[in-house]
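Please go through the aromatic contacts and the ligand site of the model below.

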Amino acid sequence: MKRIGLLTSGGDCQALNATMRGVVKGLSHNCKDLEIYGFFEGYKGLIYGNYRLLTSADFSGILTKGGTIIGSSRQPFKLMRVPDAKGLDKVEAMKQNYYKLNLDCLVILGGNGTQKTANMLREEGLNIIHLPKTIDNDISGTDLTFGYQSAIDIATTAIDQIHTTASSHGRVFIVEVMGHKVGWLTLSAGVASGADIILLPEIPYDLKKVCAAIDKRHKSGKKFTILAVAEGAIPKEIAKLDKKEQKKEMAKITDRYPSISFKLAADITKNTGYEVRVTVPGHVQRGGSPDPFDRVLSTKLGVYAAQCIMKDQYGIMVGIVNNEIKKIPLEKSAGKLKMVDPKDQTVQLAKYMGISFGD
Ligand code: F6P
């Protein structure tokens, strides 16, 4: 007999359903007596006891379905220890619901913030398995997260589409790719789509270098330039400031422009005279069906999690390291961001072929 709680928390992404399907199919195939409680809208459902007993039929036919059948919400980790408006102790409430249902474990699908709360619940004595979801691929301890490859496909397609119109009009185009803190998605989509300039949060940019790269291209006879710019790209003069000042300066930019890309576009036009257009694919990058790579990855992660549950192995994240699905102790992964190292081989090889990172 196994009683499992399941929740999906934080920003959604492709393959959440595919991963849950893997967990449930893995369990139902090997465990005669199985109860699955789905908590709705992430930790909110666990805090307020909003759940439903689900059957394996609920997880059938969802491999290709985007989003999450049990809903998600953002419940910031830093507020978890802060009582809600009615004074409810959220952590105690989550524990009570867990014990009330007599769960063997909670399977939690989510990104960094979700993982921090998952680790806190582990420290509080609950049996936890975390599965790493995010288009940002920024979870430490796993080489890949599910959702990332599907988002690369979408961001790459967006930049591919821009290529033709940029070339017809001889314009400079900025495509803003998701990722406030890390640039894996921008780096991969930028290289995959042949972007000329790639700007990442981890490599602060120098406007003069960006303009010089555009000029160099145009002088060599190319009539258009494509920039793949992460949401969290940051000018080098702001990156030099301490965190508080950085926030202030970035807020000044977003008070005036919808995002950093629009400020950059204005700066490029001012400095070079080139016409610049900005395209923001936004949440499109998180939507729709998972690609085949993510379907395979999430199925493997989910089924491996089912194996761990059958062996009562908890307090872990199930991730992939060197192409092998593995258990990673939650405390080793939680609270650490996996960022792009400016010395990363992809960055270095891209630079070698002339892609500018604005540094
Ligand atoms: O963490 C995933 C992500 O899509 C980031 O890439 C992006 O910066 C953020 O979520 C957007 O958050 P929200 O959906 O809350 O606007």
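The questions and answers below take the aromatic rings, then the ligand.

This is a predicted model, in which local features need pLDDT of at least 70, side-chain atom pairs count only at pLDDT 80 or more, and totals for chains, interfaces and linings use all residues. Residues are numbered from 1 along each chain as its sequence is written, and side-chain values use heavy atoms, with hydrogens and water left out.

Colleague: How many aromatic pairs does a search of the whole structure find?
Modeller: Rings of Phe, Tyr and Trp (its six-membered ring) pair if their centres lie within 6.5 Å. On that basis, the search of the whole structure gives 3 aromatic pairs.

Colleague: Are the planes of Tyr98 and Tyr99 stacked or edge-to-face?
Modeller: Planes under 30 degrees apart count as stacked, over 60 as edge-to-face and the rest as tilted. The ring centres of Tyr98 and Tyr99 are 5.3 Å apart and the planes stand at 90 degrees, so the pair is edge-to-face.

Colleague: Does Tyr98 count as buried or exposed?
Modeller: Buried means under 20% relative accessible area, exposed over 50%, and partly exposed in between (1.4 Å probe, protein chains only). Tyr99, at 46%, is partly exposed. Tyr98 has 3% relative accessibility and therefore counts as buried.

Colleague: What lies 2.7 Å from an oxygen atom of the ligand?
Modeller: A polar contact is a pair of N or O atoms within 3.5 Å. His283 places a polar side-chain atom 2.8 Å from a ligand oxygen atom, and a backbone N or O atom of Gly179 is 3.3 Å from a ligand oxygen atom. At 2.7 Å from an oxygen atom of the ligand lies a polar side-chain atom of Asp136.

Technical notes:
Polar contact = N/O pair within 3.5 Å; in protein donor to acceptor, adjacent residues only side chain to side chain.
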